[in-house]
Amino acid sequence: MGTIALEGLEFFSYHGFYDEEQKIGNKYSVDIVVTADFSEAARRDRLSATVNYEDLYQITAAVMKQPARLLEHIAHRIIQEIRLKYSDLLAVEVSVSKFNPPIGGVCHRAKITLKE
């Protein structure tokens, strides 16, 4: 077993519970960890036997273009799309962070993590 991780993917997107957030946009960060059996890729040195991180990025970028109210919903959609492309994964974990969330005080990031 092994993991592949992409950390700190950054996007400017139009998500948020408040309508104003969806109009002005904000900076977001996404981390992805996929767990699978990578032994064939390790032995054969073939991209076709593993998860292509470019695919993970493209899936995430496409989801981040679709406005959503909740970070949880964004993470869930990313997980669903990754599993459509790579059905043999044992686990997919996605964290989504919103920079400077509108909470009425100082907060660098709000972050959620889902693992399915």
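The numbered points below comment on a predicted model, from its overall layout to individual side chains.

1. Overall layout. The protein comprises four helices and four strands. Read from the N terminus, these elements follow the order β-α-β-α-α-α-β-β. The C-alpha trace spans about 50 × 25 × 20 Å along its principal axes. The protein has 116 residues, of which 42% count as buried. Among contacts with a separation of 6 or more, 58% are between residues 24 or more positions apart.

2. Nonpolar core. The largest nonpolar core contains 29 residues. Val 30, Ile 32, Val 34, Ile 82, Val 94 and Val 96 have the most contacts inside this core. Two or more residues are contributed by each of strand 1 (2–13), strand 2 (26–36), helix 3 (53–64), helix 4 (71–85) and strand 3 (91–99). Helix 4 supplies the largest share, six residues. In general terms, nonpolar side chains tend to be buried together in soluble globular proteins.

3. Surroundings of Val 30. With residues up to four places away in sequence not counted, Val 30 touches Leu 6, Glu 7, Gly 8, Leu 9 and Phe 11, among others. Further along the chain, the residues touched by Val 30 include Thr 60, Met 64 and Ile 78, together with Val 94, Ser 95 and Val 96.

4. Helix 3. The geometry of this helix can be checked by its length. At the start of helix 3, a side-chain oxygen of Asn 52 comes to within 2.8 Å of the backbone nitrogen of Glu 54. The buried residues of this helix are Leu 56, Ile 59, Thr 60, Ala 61, Val 63 and Met 64. Strand 1, strand 2 and helix 4 are among the parts that cover them.

5. Aromatic pairs. The whole structure holds three aromatic pairs, and two of them are described here. The rings of Phe 11 and Tyr 57 have centres 5.7 Å apart and planes at 20°, so this pair is stacked. Because Phe 11 belongs to strand 1 and Tyr 57 to helix 3, the pair ties together parts that are 46 residues apart in sequence. Phe 11 counts as buried at 10% relative accessibility, whereas Tyr 57 is partly exposed, with a relative accessible area of 34%. The rings of Phe 17 and Tyr 18 have centres 5.1 Å apart and planes at 80°, so this pair is edge-to-face. Phe 17 counts as exposed at 53% relative accessibility, and Tyr 18 as partly exposed at 47%.

6. Lysine over a ring. Lys 27 lies over the face of Phe 99, 4.6 Å from the ring centre.

7. Lys 98 and Glu 21. Lys 98 is part of strand 3 and counts as buried, because its relative accessibility of 9% is under the 20% limit. Glu 21 is found in helix 1 (residues 19–24) and, at 11% relative accessibility, also counts as buried. The side chains of these two residues make a polar contact of 2.6 Å. Leaving aside neighbours within four places in sequence, Lys 98 is in contact with His 15, Gly 16, Asn 26, Lys 27, Tyr 28 and Leu 71, among others. The contacts of Lys 98 also include His 108, Arg 109 and Ala 110. With the corresponding neighbours left aside, Glu 21 is in contact with Tyr 14, His 15, Gly 16, Lys 98 and Pro 102. Between Lys 98 and Tyr 18, the C-alpha to C-alpha distance is 13 Å, for a sequence separation of 80 residues.

8. Ser 97. This residue is found in strand 3 and is buried, with a relative accessible area of 1%. Apart from neighbours within four places in sequence, Ser 97 is in contact with Lys 27, Tyr 28 and Ser 29 as well as with Arg 109, Ala 110 and Lys 111.

Key
Residues numbered from 1 in each chain as written. Predicted model: local features only at pLDDT ≥ 70, side-chain atom pairs only at ≥ 80, totals over all residues. Heavy atoms only, no water. Core = buried A, V, L, I, M, F, W, Y, C linked by side-chain atoms within 4.5 Å. Buried < 20%, exposed > 50% of the residue type's maximum accessible area, 1.4 Å probe, protein only. Contact = heavy atoms within 4.5 Å. Polar contact = N/O pair within 3.5 Å; in protein donor to acceptor, adjacent residues only side chain to side chain. Phe/Tyr/Trp six-rings, centres within 6.5 Å; stacked < 30°, edge-to-face > 60°. Lys NZ or Arg CZ within 6 Å of the ring centre and 35° of its normal.
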